[in-house]
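Here are some notes for a colleague opening this entry for the first time.

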Amino acid sequence: MNSPSKKVFVASRLPKNTGVSGWVAMLPPRQAKPRLEGHVTVDVVVIGGGFAGLSAARRIVELDPTLHVAVVEAGVIGEAAAGRNSGFIIDLPHEVSSEDYGGDSVTKSREAIEISRTAIALASTVAREQGWGRDIFDPCGRYSVSISDEGDRHLIDYAKGLAKLGEKHQLLNAREIADVTGTNTYTSALFTPGTIMVQPAAYIRGVADSLREPVRVYENTPAVQLESAGSGWHVKTPQGSISTGRIILANNGHAESFGFFRSRLLHVFTFASMTKEFEPSLLPGQRKWAATPALPMGTTVRRIQGQGGDRILIRSRYTYHRNIEASEGTLRRAGAKHDQKYHARFPQLPDVPMEYRWGGAMALTWNSVPAFGEIEPGMFAACGCNGVGATKATANGIAAADLMLGVKSRLTEIFARFDAPKSLPRQPFRTIGAKANLAYREWRAGGE
């Protein structure tokens with residue numbers, strides 16, 4: 001047992017990736033930053049080199065350039081969950097109901113938009129500084145697409161909610177969205193201009209490489225033990241250790257691997273498949289677009305323009321894994337579903353097969369709030385992205401940096417009003433309930 005004066009948290013598991021992310025495979029091999037060897041002393045350790053961790057590191061040195069920061073990433077930057085994202089940095093909440101749209105609902109929606117646009121502002125600043133082109137960072141907006149009467153009704157209702165919020169949008173009929181996508185599958189669509197589309201692996205690599213002294217990024221350096229040391233902390237890694245005054249835990253679901261937020265995080269994987277390159281003339285419409293489904297748990301689609309041809313990305317299927325690891329068998333089954341949805345949407349491409357398939361982990365909370373805040377003296381969590389990882393994880397990281405440094409910002413003001421993550425049902429009811437709920441939601445989404 002830990003003594004009252006000393007606390008020790010040991011990682012029970014380390015992240016494991018399933019499949020090969022097409023985003024990573026399309027990039028040149030990464031020249032990884034060195035792993036940590038030996039002992040160093042810094043002001044802040046950030047655990048996790050994804051959207052949350054790298055955004056937190058950037059925000060810390062923006063607020064106080066004198067602080068020395070170490071970012072430790074268990075694997076190679078871009079190859080974990082962040083590089084398995086679908087690349088939507090979305091500015092609007094998924095649900096904006098126009099029914100009984102009272103003041104409290106308006107306030108919550110506007111605060112959700114404010115959170116998202118704070119994340120987009122950081123990402124936009126990095127893109128400008130680094131001179132990225134649209135192949136990495138594209139402010140092109142997104143389409144929400146429908147293939148059913150129910151989906152059509154949902155988009156109309158969503159548009160009414162956006163109108164009451166004063167948000168720009170455009171409803172498209174079947175012909176108009178066919179002109180964009182090159183397929184007659186979709187019955188309607190809603191375009192919103194504020195979403196940023198990124199090549200997620202390239203984006204995460206770029207953010208990591210943009211960080212300069214006094215920030216150091218260590219790759220292939222998992223944190224395996226956190227130990228309180230006087231007024232600070234001692235972080236152990238396989239080949240080294242770090243003494244620090246403060247920690248930001250930005251490892252999403254793996255916060256629970258250290259014993260934090262126990263029984264409060266649902267570990268859900270989503271899956272994607274990406275085709276081989278094809279001759280652009282095989283599919284009419286625009287060569288580059290991104291679409292999310294009108295109904296929750298439906299199918300996300302992107303057309304990706306490349307120098308050697310175009311590709312189609314399909315993302316769907318959600319599965320619960322209490323051990324934060326999805327099997328190759330689960331990936332194969334998800335891939336079979338992807339093939340069905342792909343061929344239903346793009347009959348023009350019967351001879352263009354999938355080249356890459358992969359899974360990516362998410363951490364959800366029952367009441368859809370972040371796993372956030374000071375969880376031990378000097379230790380701050382920026383976890384629980386709740387499925388919109390690029391946006392919410394980025395905001396979580398910014399807010400954690402602000403909170404740690406005592407900065408009063410709109411993010412810390414909003415985050416302070418969030419409830420704590422609710423406790424989940426005990427096992428085996430949690431597993432049974434999670435699997436049943438996911439299966440029901442996918443059934444409700446139908447062909448969407």
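How many bridges join strand β14 to β21, and do the two run parallel or antiparallel? The points below begin with that pairing and refer to a predicted model.

1. Three bridges join β14 (residues 240-249) to β21, and the two strands run parallel. Within this pairing, I247 stands opposite M379 of β21.

2. On its other pairing, β21 meets strand β20 (residues 371-376) through five bridges, in the antiparallel sense. G373 has A381 of β21 as its bridge partner. The two strands form a hairpin with two residues between them, and G378 in that turn has a positive phi of about 80 degrees.

3. Is β21 (residues 379-383) mostly covered or mostly open? Five of its five residues are buried. M379, A381 and C383 point one way, F380 and A382 point the other way, and all are buried. The background is that side chains in a regular strand alternate between the two faces of the sheet.

4. Strand β7 (residues 142-146) is likewise worth a look. Five of its five residues are buried, so β7 is largely enclosed by the rest of the structure. R142, S144 and S146 cover one side, with Y143 and V145 on the other.

5. Which strands pair with β7? Strand β9 (residues 188-192) pairs with β7 in the antiparallel sense over five bridges, and R142 stands opposite T192 there. Strand β16 (residues 289-293) runs parallel to β7 and is joined to it by three bridges; in β16, A291 is the bridge partner of Y143.

6. There is also an open sheet of three strands, with antiparallel pairing and the order β5-β10-β6. β5 (88-89) and β6 (137-138) stand at the edges with a single partner strand each, so one side of each has no neighbour in the sheet. The pairing of β6 with β10 (residues 196-198) consists of two bridges, and D138 stands opposite M197 of β10.

7. Helix α6 (residues 200-210) contains A202. A202 has a relative accessibility of 11% and counts as buried. Leaving aside residues up to four places away in sequence, A202 touches L27 and I136. The C-alpha atoms of A202 and W23 are separated by 7.6 Å, although these residues are 179 residues apart along the chain.

8. How many salt bridges does a search of the whole structure find? The search gives 25. One of them joins the side chains of K7 and E376, at 2.8 Å from N to O. K7 lies in the segment before β1 (8-10) and E376 in strand β20, so this pair ties together parts that are 369 residues apart in sequence. K7 is partly exposed at 35% relative accessible area, whereas E376 is buried at 13%.

9. Another salt bridge links E129 and R58, whose closest N and O atoms are 2.8 Å apart. E129 belongs to helix α3 (residues 103-130) and R58 to helix α2 (residues 51-63), so the pair ties together parts 71 residues apart in sequence. R58 counts as buried, at 12% relative accessibility.

10. R287 and D310 form a salt bridge with their closest N and O atoms 2.6 Å apart. R287 lies in the loop between β15 (266-275) and β16, and D310 in strand β18 (residues 309-320), so parts 23 residues apart in sequence are tied together. R287 is partly exposed at 30%, while D310 is buried at 0%. Elsewhere, salt bridges that share partners join E111, E114, R410, E413 and R417 into one network.

Definitions and conventions:
Residues are numbered from 1 along each chain as its sequence is written. This is a predicted model: local features need pLDDT of at least 70, side-chain atom pairs count only at pLDDT 80 or more; totals for chains, interfaces and linings use all residues. Side-chain values use heavy atoms; hydrogens and water are left out. Two strands pair if DSSP finds at least two bridges between them. Helices (H or I, at least four residues) and strands (E, at least two) are DSSP runs, numbered from the N terminus. Buried means under 20% relative accessible area, exposed over 50%, partly exposed in between (1.4 Å probe, protein chains only). Contact means heavy atoms within 4.5 Å. A salt bridge is a side-chain nitrogen of Lys or Arg within 4 Å of a carboxyl oxygen of Asp or Glu.
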